[in-house]
Amino acid sequence: MTRTLVMDQGRIGYGERIVGEGVNVSFDKPEIVSIIGPNGSGKSTVLKTLGRLLEPMAGTVLLDGKNIQKMGAKEVARIISMLPQSAQAPQDMTVRDLVLCGRLPYQNAFSSLKVEDVQAVEAALEETGLVNLQHRPLKDLSGGERQRAWLAMAIAQEPDILMLDEPTTFLDVRYQLELMKLVVKLHKTRGITVIMVLHDLNHAAHFSHRLIAVKQGQIVADGAVADIFNETVLSQLYDVNMVFSKLQINGEEHTICVPYESRI
Amino acid sequence: MTNKELTAQNQLALPKDGRYRRRQLAYAGAGLFLLIAALAGILYGAIPVSLQELSLLLQGQGSNDTERIVYYLRLPRVICAALVGMNLALAGCILQGVLHNPLADPGIIGVTAGAGVAAMAVMILAPAFIYWVPLAAFIGALVALAIVFLLAWDRGINPLRLILAGVAVAAFFGGGTTALWVAFPDRIQGAVNWLAGGFAGARWSYVWIVLPYSIIGLLGTLWNYRKLNALQMGDEVALSLGINLKRTRFILIFLSAILAASSASVAGLLGFVGLIVPHIMRLIVGSDFEYLLPASAVFGAALLVGADTFARTIFSPMEIPVGIFLSFLGAPFFLYLLKRRSRG
């Protein structure tokens with residue numbers, strides 16, 4: 001189902017500290033969107049405020065036209081699922097236990113598991129390739145497998161909007177690639193919107209439809225990858241000189257950037 | 001039902017893996033421990049009661065003396081110890097989950113110290129009102145909790161501030177207790193025993209004091225087991241799973257506080273139960289609160305009943321307060337936990 005998510009004049013930040021002011025951004029179709037920008041620019045803050053993890057100090061976030069802060073936490077959790085950076089789980093928890101947690105927004109205190117819950121969990125395990133690992137405790141998994149398990153939990157929530165906060169940060173190149181491909185697959189098969197914070201610019205450009213550039217708490221550029229992924233925008237964004245080049249790999253065109261010199 | 005739904009239905013049953021058996025064993029073991037400890041608690045003491053006497057009593061043919069010992073002395077004491085053990089274990093479970101801190105126990109949020117100073121004040125300043133000690137301790141605990149909540153409030157309870165405020169309030173009330181000792185050295189005799197924690201003098205009225213809170217606490221924590229599972233994965237994950245973080249955290253900490261306060265009001269300051277019981281159970285049944293809470297509740301009850309029986313019979317007729325006994329047991333375990341953590 002297509003959802004609209006809009007931040008209108010958001011003043012965002014933590015506690016007393018204002019990170020950004022007058023932030024406007026909207027999402028109205030199932031696409032893959034990456035939020036990019038320098039460290040400390042407020043990328044995660046934007047994402048968390050959109051996902052209801054943080055309350056905007058002023059302005060509103062509207063989900064299908066309704067103020068997200070006035071909606072119930074469970075109601076939002078059935079539409080938006082968010083994989084935060086800080087995710088941690090007890091080491092003895094199994095993959096299946098973790099994925100089952102994704103059904104919390106659909107459960108009451110004592111309600112027993114319903115057929116839909118099990119089906120959602122099975123589907124999530126299948127799509128993330130974890131069926132054979134489902135009874136393993138998380139501590140026995142590799143970093144890539146563990147991240148997939150968290151993704152499976154988020155998917156078991158059956159969201160229409162999936163948010164990921166730097167999902168590839170601690171993974172090596174192979175697992176990074178696997179995870180990005182998995183995200184694209186989930187977007188295609190489930191028709192969901194994916195909004196993620198990414199550091200790897202080449203990944204962001206290759207796997208997204210749209211890029212949002214954030215600097216000092218402001219959205220400085222927002223648009224299709226072709227309009228953002230160029231020297232004019234990115235050199236400004238990171239204060240770094242970059243070259244861009246097109247490569248043909250397996251008949252697919254990749255645009256890549258190589259930063260080579262700091263401007264300051 | 002379609003085939004797919006039927007398969008799903010079959011998978012609702014949990015796989016009977018190693019964890020399943022370990023959990024069944026833990027339940028059975030803790031239950032058995034509780035039964036044996038309770039039986040021992042009824043039979044052993046300054047005047048032992050034999051099994052025959054007990055069975056006669058149950059058939060309504062016991063002697064008056066046996067009846068008095070069992071019914072007025074031992075039974076309320078065993079029940080009191082069981083309820084307090086359960087309450088402290090549950091309070092520890094909750095706090096360790098909510099505060100993401102494996103070393104959290106009811107002492108950390110200041111309620112124990114609040115109970116202590118209030119009980120001390122009554123025993124030392126107004127010894128005539130000794131029967132009001134449980135009530136005073138309970139009120140003292142709630143006052144301490146209110147102060148800690150006020151200090152830790154930052155648009156909801158901030159866990160780190162809660163711990164800092166709890167430690168500060170505990171130190172403040174601890175100072176108050178010491179001040180009372182220094183000012184009235186001649187009156188501290190009975191009071192010191194209370195501080196050490198124990199069940200000497202436990203009677204049915206004590207049971208009625210604790211029981212309502214035990215019931216509320218037990219139902220409340222079990223009611224929230226799924227939320228506790230979500231909370232232990234971090235606040236942000238809990239939020240994204242649709243948990244109302246502020247409300248849930250408030251309710252759970254409040255539940256743990258009344259569990260600890262009701263315990264302190266009848267048993268004084270018993271350390272370590274709230275810390276070690278959840279840890280031991282976590283090692284056995286794992287960290288899923290669906291199993292951790294009931295296992296800890298039963299094991300906590302069994303541990304206190306057993307420890308109390310041991311502490312009052314080992315040097316019979318002299319009783320050692322069970323709190324001292326538990327500290328000797330608990331402190332080394334605490335160090336063991338620290339060592340395990342620093343290695344792993």
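The questions and answers below concern a predicted model with chains A and B.

User: How many residues of chain B are in contact with chain A, and how do they divide into nonpolar, polar and charged?

Analyst: The contact involves 28 residues of chain A and 25 residues of chain B. Helix H1 (3-11), helix H10 (225-231) and helix H11 (235-240) of chain B each supply at least two residues of the side that touches chain A. That side of chain B divides into ten nonpolar, ten polar and five charged residues.

User: Is chain A compact or extended, judged by its radius of gyration?

Analyst: Chain A has nine helices and twelve strands. Its C-alpha trace spans about 55 × 45 × 30 Å along the principal axes. The globule rule gives 18 Å for 264 residues, and the radius of gyration of chain A, 19 Å, is close to that, so chain A is as compact as a globular protein of that length. The answer is compact.

User: What share of the contacts in chain A between residues at least 6 apart in sequence join residues at least 24 apart?

Analyst: Of the 264 residues of chain A, 44% count as buried. Among contacts between residues at least 6 apart in sequence, the share joining residues at least 24 apart is 65%.

User: Is strand E7 of chain A enclosed or open?

Analyst: On one side of E7(A), A:Ile161, A:Met163 and A:Asp165 are buried, and on the other A:Leu162 and A:Leu164 are buried, which leaves both faces covered. Five of the five residues of strand E7 (residues 161-165) are buried, so the strand is largely enclosed.

User: Which strands pair with E7(A), and what is the handedness of the crossover from E7(A) to E8(A)?

Analyst: Strand E6 (residues 80-83) of chain A pairs with E7(A) in the parallel sense over four bridges, and A:Ser81 stands opposite A:Leu162. Strand E8 (residues 193-197) of chain A also pairs with E7(A) in the parallel sense, over five bridges, with A:Thr193 as the bridge partner of A:Ile161. From E7(A) the chain crosses through helix H6 (residues 173-190) of chain A to E8(A), and this β-α-β crossover is right-handed.

User: Which helices of chain B are included in what covers the buried residues of H6(B)?

Analyst: Helix H6 (residues 133-152) of chain B has 20 residues and reaches 28 Å from its first C-alpha to its last, close to the 28 Å expected at 1.5 Å a residue. Its buried residues include B:Val133, B:Phe138, B:Leu145 and B:Val148. What covers the buried residues includes helix H5 (111-125), helix H7 (159-183), helix H9 (204-223) and helix H12 (245-267) of chain B.

Notes. Residues numbered from 1 in each chain as written. Chains lettered and ligands numbered in written order. Predicted model: local features only at pLDDT ≥ 70, side-chain atom pairs only at ≥ 80, totals over all residues. Contact = placed C-beta atoms within 7 Å. Nonpolar A, V, L, I, M, F, W, Y, C, P; charged D, E, K, R; others polar. Rg over C-alpha atoms; globule rule 2.2 N^0.38 Å. Buried ≥ 20, exposed ≤ 12 C-beta atoms within 10 Å, placed from the backbone. Expected span 1.5 Å × (residues − 1). Pairing = 2+ DSSP bridges. Right-handed = clockwise from strand over helix to strand, strands pointing away.
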